[in-house]
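The following note sets out several points for a colleague's review. Please read them alongside the sequence and coordinates.

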Amino acid sequence: MASIAAASVDFLDEGEISCAMIESVDDNLSTLALTSIPVNATLLDSGATSHLIKSREMFHSYSEADARNVTTANLGTLRTQGGGTCYVNVSYKGRSIRLKLNNCLHAPGAAVNLLSVGRLNSAGIGCNFIPNEGVCLSKNGIAFASGHMINRLFSLDAEFIPGPPSDERVMFVKVPESMYLHHLRLGHPGESATRTLVKSLLKSQIKDVEPIKCEPCIIAKHVATPHPSKSVETPHRKKYFVAFRCTGMKVSNLQLIADKVPDTMLEAFITVKERWEKRTGFKVKRFQCDGGTEWKGAFTQYLNDHGIKMEVTPRCEHWMNGEIERFMRTVQGRILTMLTTAQLPLMYWGEAALTAAYLLNVTTLNA
């Protein structure tokens, strides 16, 4: 599902007009208007300068400090109880889009939900009103939402996404920055690598000269770490991982697999090969591996059919394929450090492996 984020809504001044409301009209006309519009309708209002949402349950973030009195077009007053962020699902010709509305106002007294056309335009969203038909929203010339007319009013076909219950909202406490904190965030690299990354990439001025003492690193990266006698299966029924490395780009790709047979290896290789060739525009010409049986059969036949030269390293000469061997050893160490730090069972090694491989690709390390 795609996501379009609307621009942040600025705070309203006390004299700013938010929406046009009528306090006294003929009773018959008033009754007809209210019964013709569904209670859960979402109207597009070109006279509104802020999004007004009726229900508190539709807010994903909420602050009572944003409450304010809104002046209406007839100089009346509409009271709000707070403000925050809301999400709505809209669609156009079967394609769904999630639209983010920032700084919406919670107005329980509003008759229906009102979306400000001006706020949408400020976010680069165009509103095309079609006479006697409806409305179409677009961004960068691409339509993503539509609506229809109700009693001469334009209603957007939108479904608000309820926010989490207030007692389930996650509160994050700001913690002081330290080298150890960035060491954990970066996936447990070495101490010198952590300091280099923090200084060059994060531009952070941390005056921390104390050595990084990470107990999970000491335990998990020990050379004599025993290998489990039986493969641990992940929740996705994966037992192993295979890694591919492009020696030219210095980029690695890690795939989780259920077994070590040629067909499975070939499927993983094709996925990585097509991704890299599409990104770089170059073709794979050489493939280097050890003499394992998983690289034979259908895998070897595929390489021959596509003109890829296969180079097999001699037995017990792993140094000849040193880059990928070092990568896999580093990933194994970081898997255990991250699981130890997070106090997670070994069954989640697959998620830790993918995270470690991603962090190794986006950070700079010295070989």
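**Points on helix packing, aromatic contacts and backbone**

1. Helices H8 and H9 cross in a right-handed manner. The model is a predicted one. H8 spans residues 322-342 and H9 spans residues 349-362; their axes lie 8 Å apart, at an angle of about 125 degrees. H8 is therefore oblique to H9, since an angle of 65 to 115 degrees would count as roughly perpendicular and one over 145 as roughly antiparallel.

2. Which residues form the contact between the two helices? On the H8 side they are Phe 327, Thr 330, Val 331, Arg 334, Ile 335, Met 338 and Leu 339. Their counterparts in H9 are Trp 349, Ala 352, Ala 353, Thr 355, Ala 356, Ala 357 and Leu 360.

3. Gln 343 belongs to the loop between H8 and H9. Its phi is near 55 degrees, a positive value in a residue other than glycine. With a relative accessibility of 71%, Gln 343 counts as exposed.

4. Lys 250 is located in the loop between S15 and strand S16 (251-257). Its relative accessible area is 47%, so Lys 250 is partly exposed.

5. Pro 235 is placed in the loop between helix H5 (215-220) and S15. Although Pro 235 and Met 347 are 112 residues apart in sequence, their C-alpha atoms are 6.9 Å apart in space. Beyond its neighbours within four places in sequence, Pro 235 contacts Met 347 and Tyr 348. Pro 235 counts as partly exposed, at 42% relative accessibility.

6. The structure contains 12 aromatic pairs. In one of them, Phe 244 with Trp 295, the ring centres are 6.5 Å apart and the planes meet at 75 degrees, so the pair is edge-to-face. This pair joins distant parts of the chain, 51 residues apart: Phe 244 is in strand S15 (residues 240-246), and Trp 295 is in the loop between strand S17 (286-289) and helix H7 (298-305). Both Phe 244 and Trp 295 are buried.

7. Two contacts between a charge and a ring complete the note. The charged end of Arg 56 sits over the ring of Tyr 62, at 3.8 Å from its centre. Lys 260 lies over the face of Tyr 240, 5.1 Å from the ring centre.

Methods: Residues numbered from 1 in each chain as written. Predicted model: local features only at pLDDT ≥ 70, side-chain atom pairs only at ≥ 80, totals over all residues. Heavy atoms only, no water. Phe/Tyr/Trp six-rings, centres within 6.5 Å; stacked < 30°, edge-to-face > 60°. Helix = DSSP H or I, 4+ residues; strand = E, 2+ residues; numbered from the N terminus. Buried < 20%, exposed > 50% of the residue type's maximum accessible area, 1.4 Å probe, protein only. Lys NZ or Arg CZ within 6 Å of the ring centre and 35° of its normal. Axes fitted to C-alpha atoms, helices over the stretch in contact; angles between N-to-C directions. Parallel < 35°, antiparallel > 145°, perpendicular 65-115°, else oblique. Left-handed = near helix turned anticlockwise from the far one by under 90°. Contact = heavy atoms within 4.5 Å.
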